[in-house]
Amino acid sequence: MCAASDPRSELIEESQFVLGEGPCIDAFESRRPVLMADLATHATARWPMYTPAVDDHGVRAVFAFPLQIGGARLGVFDVFRDQKGELSDEQLTDALTSPTRSNRAELFQAQGMVMVQIGGTISEAMVRMRACAYAESRSLSDIARDIVAGRLSFGQDRS
């Protein structure tokens, strides 16, 4: 199953399944993150069909994080960038950790939704979610649950 934060991301995600290759598939199969900071330089040999396809959509870097609880594989959380470059230490930590392992998939889904809503980065989305949880004296998992359910939104006017 594929979920995406916007139509462009959905096209990029779908291309992996159509072509049968890409970071999402590798991360799922290996159960390890796939961190590709420069697709043009380092990915063409690894994914000869996927790389030019996503380049046409402006993707220059991709980071895929497997979502699993114990031995159960839930899926993969992909982050796309329109510029090449590594994730910062903070961004990588945010992607690899969550308050509890059981809500990780929902937390990542909410984080992607907030990223699109605010027009910011994945790291900025997590900061906004954490600030909301703190301001409302709620857990981050409660905030994520409300975002995914559509009960909470972070439009441009929300701080």
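Modeller: We may begin with helix length: the expected span of a helix is 1.5 Å times one less than its number of residues. Please bear in mind that this is a predicted model.

Colleague: How do you know what span to expect of helix 1, and what span does it reach?

Modeller: Helix 1 covers residues 7-19, which is 13 residues, and 18 Å is expected at 1.5 Å a residue. From its first C-alpha to its last, helix 1 reaches 18 Å, close to that expected value.

Colleague: Which residues of helix 1 are buried, and which are exposed?

Modeller: Buried means under 20% relative accessible area, and exposed means over 50%. Ser9, Ile12, Glu13, Ser15 and Gln16 of helix 1 are buried, while Pro7, Leu11 and Val18, on the other side of the helix, are exposed.

Colleague: Why are the buried residues of helix 1 said to line one face?

Modeller: Seen down the axis of helix 1, the buried residues fall within an arc of 145°, so they line one face of the helix. Their cover includes helix 2 (23-30), helix 4 (50-55) and strand 3 (72-81). In helix 2 itself, Pro23, Cys24, Ile25 and Ala27 are buried.

Colleague: What makes the phi of arginine 31 worth a remark?

Modeller: Most residues other than glycine have a negative phi. Arginine 31 is a residue other than glycine, yet its phi has a positive value, near 60°. Arginine 31 lies in the loop between helix 2 and strand 1 (34-36). Serine 137, in the loop between helix 7 and helix 8 (140-149), also has a positive phi, near 50°.

Colleague: How is the packing of helix 5 and helix 7 described?

Modeller: Two packed helices are described by the angle between their axes and the distance between the axes. For helix 5 (residues 89-96) and helix 7 (residues 122-135), the angle is about 65° and the axes are 10 Å apart. The crossing is left-handed.

Colleague: Which residues make the contact between helix 5 and helix 7?

Modeller: Glu90, Gln91 and Asp94 of helix 5 meet Ser123, Met126, Val127 and Arg130 of helix 7. By class, the residues of this contact divide into 2 nonpolar, 2 polar and 3 charged.

Colleague: Why is glutamate 90 called partly exposed, and what is it in contact with?

Modeller: Glutamate 90 has a relative accessible area of 46%, which lies between the cut-offs of 20% and 50%, so it is partly exposed. Leaving aside neighbours within four places in sequence, glutamate 90 is in contact with Ser123 and Val127. The C-alpha atoms of glutamate 90 and serine 123 are separated by 7.6 Å, although the two residues are 33 residues apart along the chain.

Colleague: How many helices and strands has the protein chain, and what percentage of its residues count as buried?

Modeller: The protein chain has 8 helices and 3 strands, and 40% of its 159 residues count as buried.

Notes: Residues are numbered from 1 along each chain as its sequence is written. This is a predicted model: local features need pLDDT of at least 70, side-chain atom pairs count only at pLDDT 80 or more; totals for chains, interfaces and linings use all residues. Side-chain values use heavy atoms; hydrogens and water are left out. Helices (H or I, at least four residues) and strands (E, at least two) are DSSP runs, numbered from the N terminus. Buried means under 20% relative accessible area, exposed over 50%, partly exposed in between (1.4 Å probe, protein chains only). The arc is that of the directions from the helix axis to the C-beta atoms. Contact means heavy atoms within 4.5 Å. Axes are lines fitted to C-alpha atoms, for helices over the stretch in contact, and angles run from 0 to 180 degrees between N-to-C directions. A crossing is left-handed if the near helix is turned anticlockwise from the far one by less than a right angle, and right-handed if clockwise. Ala, Val, Leu, Ile, Met, Phe, Trp, Tyr, Cys and Pro count as nonpolar, Asp, Glu, Lys and Arg as charged, and the others, Gly among them, as polar.
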